[in-house]
Amino acid sequence: MPTVERLTAFRDTIAERVHTRIGNIAAGRVGAPAQLTIVANHLLLALINHEYQHDQWISEVRADKLGLALSCDLASDCISRVDGYLVCNPYA
């Protein structure tokens, strides 16, 4: 298993790259800003749902190994639980 420091550095690098790219798309500093805006919206939605999946896994391990409560569901019309996982679905 990687160390917490290594995981944190990896996540920070990914976040910086995503923010930079999304910022460039939002500012029109790309070759196809309208098309990439659509792609960026879907990418961000996928990243959010991926992080929700990790949160569920971590919560399950904490509950099983440490006896801690599972995370509460978020209150939003765009968030629901599918197959046991929170998902952000703005199209629902």
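A residue is called buried when its relative accessible area is under 20%, exposed when the value is over 50%, and partly exposed in between, using a 1.4 Å probe and protein chains only. With that in hand, let's walk through this model, which is predicted: local features need pLDDT of at least 70, side-chain atom pairs count only at pLDDT 80 or more, and totals for chains, interfaces and linings use all residues. Residues are numbered from 1 along each chain as its sequence is written, and side-chain values use heavy atoms, leaving out hydrogens and water.

Let's begin with Asn49, which sits in helix 2 (helices are DSSP runs of H or I with at least four residues, numbered from the N terminus). Asn49 counts as buried because its relative accessibility is 18%. Contact means heavy atoms within 4.5 Å; leaving aside neighbours within four places in sequence, Asn49 has contacts with Leu86, Val87 and Cys88.

Helix 2 also holds His54. With a relative accessible area of 30%, His54 is partly exposed. Its C-alpha atom is separated by 9.4 Å from that of Tyr85, 31 residues apart along the chain.

Now for the nonpolar cores, meaning sets of buried Ala, Val, Leu, Ile, Met, Phe, Trp, Tyr and Cys residues joined through side-chain atoms within 4.5 Å. The largest has 6 residues: Val18, Ile22, Ile25, Val30, Leu36 and Ala40. Helix 1 (4-26) and helix 2 (33-66) each supply at least two residues of this core, and the largest share, 3 residues, comes from helix 1. A second, separate core of 5 residues includes Leu45, Tyr52, Leu86 and Cys88.
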